[in-house]
Amino acid sequence: KLQKDQLKAQLLAQEFAKLAAIPNFVSLFCDAIARASLPTVLHEDFLHAVAKAVKATTAQQLAMGLGLAQCGDTALRAEGTKFLRTRLNDLHTPPGGRDAVAALPEDLGHSLVFFLERQEGFAKQRAALMKQLQHVR
């Protein structure tokens, strides 16, 4: 049973990495979570567990959060916003914040900046991201 679960987790991580590489990953992830039959209401902790289970990179985690923060479902949007805020806060704390920002795909960087400029309550995260982007670009 344990070996079977490990194989499932490996398969999930592999498939997640493939999905994360396609251009519409953000909307696909949001749609998949919105349609999932979860036993309880989705919470930020669940998103952290998913990210850990699939070994999501920083960029993938930011894309997950960004997608959910823009989701049509109010509850998913709220949890996605919390998750995104946590991941953005992690960018300006060691280790690897600047390296993680440098590794962001350009389109994700633009999408994050655009979202943060329109979103209330993200001034600190926006300022920190902009500062780091100036140092790496």
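The largest nonpolar core of this predicted model holds 36 residues. Seven of its members touch the most other members: F16, L62, M64, L84, L108, L112 and L129. Which elements give two or more residues to this core? They are α1 (2-20), α2 (25-35), α3 (44-53), α4 (58-69), α5 (74-91), α6 (97-102), α7 (106-118) and α8 (123-136). The largest share comes from α4, with seven residues.

L108, one of the core residues named above, shows how the chain packs against itself. Setting aside residues up to four places away in sequence, L108 touches A59, L62, A63 and L66. L62 is also among the core members with the most contacts to other members.

**The chain as a whole**

The protein chain has eight helices and zero strands. Read along the sequence, the pattern is α-α-α-α-α-α-α-α.

How does the radius of gyration of the protein chain agree with that of a compact globule? For 137 residues, such a globule would have a value near 14 Å. The protein chain has 15 Å, which agrees. Along its principal axes, the C-alpha trace spans about 50 × 30 × 25 Å.

Of the 137 residues, 37% count as buried. Contacts also reach across the sequence. Take those between residues at least 6 apart: 66% of them join residues at least 24 apart.

The protein chain exposes about 8,500 Å². Carbon and sulfur atoms supply 56% of that area. As for charge, there are 17 positive and 13 negative side chains. The centres of the two sets lie 3 Å apart.

Q61 is found in helix α4. Is Q61 buried or exposed? Its relative accessible area is 13%, so Q61 is buried, the cut-off being under 20%. Q61 touches A51, A56, F83 and R87, not counting residues up to four places away in sequence.

R98 lies in helix α6. Its relative accessibility is 46%, so R98 counts as partly exposed. The limits for that class are 20% and 50%. Which residues does R98 touch, not counting those up to four places away in sequence? They are L91, Q132, H135 and V136. R98 can also be placed relative to L129, which is 31 residues apart from it along the chain. Their C-alpha atoms are separated by 9.4 Å. L129 is itself one of the core members that touch the most others.

K55 lies in the loop between α3 and α4. Most residues other than glycine have a negative phi. K55 has a positive phi of about 55 degrees although it is not a glycine. Its relative accessibility is 67%, so K55 counts as exposed.

G72 is found in the loop between α4 and α5. At 67% relative accessibility, G72 counts as exposed.

T74 lies in helix α5, the helix that spans 74-91. With 55% relative accessibility, T74 counts as exposed. The cut-off for exposed is over 50%.

P105 is found in the loop between α6 and α7. With a relative accessible area of 36%, P105 is partly exposed.

| Pair | Apart in sequence | C-alpha separation |
|---|---|---|
| R98 and L129 | 31 residues | 9.4 Å |
| T74 and T40 | 34 residues | 16 Å |
| G72 and D31 | 41 residues | 9.4 Å |
| P105 and V50 | 55 residues | 21 Å |

Take G72 and D31. They are 41 residues apart along the chain, and their C-alpha atoms are separated by 9.4 Å. P105 and V50 are 55 residues apart in sequence and 21 Å apart in space.

**In brief**

The picture is one of eight helices and zero strands. K55 and G72, by contrast, count as exposed.

Conventions:
Residues numbered from 1 in each chain as written. Predicted model: local features only at pLDDT ≥ 70, side-chain atom pairs only at ≥ 80, totals over all residues. Heavy atoms only, no water. Core = buried A, V, L, I, M, F, W, Y, C linked by side-chain atoms within 4.5 Å. Buried < 20%, exposed > 50% of the residue type's maximum accessible area, 1.4 Å probe, protein only. Helix = DSSP H or I, 4+ residues; strand = E, 2+ residues; numbered from the N terminus. Contact = heavy atoms within 4.5 Å. Rg over C-alpha atoms; globule rule 2.2 N^0.38 Å. Areas by Shrake-Rupley, 256 points an atom, 1.4 Å probe, with all protein chains shown as cover. Lys, Arg positive; Asp, Glu negative; His and termini not counted. Charge placed at Lys NZ, Arg CZ, Asp CG, Glu CD.
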